[in-house]
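User: I would like to learn how to read salt bridges in a model. Please start with the general idea and then take me through the case at hand.

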Amino acid sequence: PQDYTLIKLRVLPPYNEALAEFEGKFDVFFVAATLRPETMYGQTNCFLLPTGNYGAYEMKNNEVYICSHSSARNMAWQDLTKREHEL
């Protein structure tokens, strides 16, 4: 099996309209995931693909990750989601 390594970048309140429902309820993070953690040292910025499709996915520990559906699905198989193997 292959494990994703995550870099979590916290979204600070006040949240914009798209994330407002999570404010005060969840910690929200932009998540960069990689199969090659050696490429992630010194990560300080997060660039989003303007035309990308991103979602907000509830994870364990009262966190919401902003990432692609395929990344969230892969994280579900690593038991990072609130419900085992489910988004």
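Analyst: The side chains of Arg36 and Glu38 meet in a salt bridge, with N and O 3.0 Å apart; the term stands for a side-chain nitrogen of Lys or Arg within 4 Å of a carboxyl oxygen of Asp or Glu. In general, side chains of opposite charge can pair when their charged atoms come close. This is a predicted model, in which local features need pLDDT of at least 70 and side-chain atom pairs count only at pLDDT 80 or more, while totals for chains, interfaces and linings use all residues. Residues are numbered from 1 along each chain as its sequence is written, and side-chain values use heavy atoms, with hydrogens and water left out.

User: How many salt bridges does the structure hold?

Analyst: The structure holds four, among them the pair of Glu63 and Lys8, whose closest N and O atoms are 3.0 Å apart. Glu63 belongs to strand β4 and Lys8 to strand β1 (residues 5–10), so this pair ties together parts 55 residues apart in sequence; strands here are DSSP runs (E, at least two residues), numbered from the N terminus.

User: Is Glu63 buried or exposed?

Analyst: Glu63 is buried, at 10% relative accessible area, whereas Lys8 is partly exposed at 37%; buried means under 20%, exposed over 50% and partly exposed in between (1.4 Å probe, protein chains only).

User: Which residue meets Asp27 in a salt bridge?

Analyst: Arg10 does, at 3.5 Å from N to O, and the pair links distant parts of the chain, Asp27 in strand β2 and Arg10 in strand β1, 17 residues apart. Asp27 is partly exposed at 35%, and Arg10 is partly exposed at 48%.

Methods
Helices (H or I, at least four residues) and strands (E, at least two) are DSSP runs, numbered from the N terminus.
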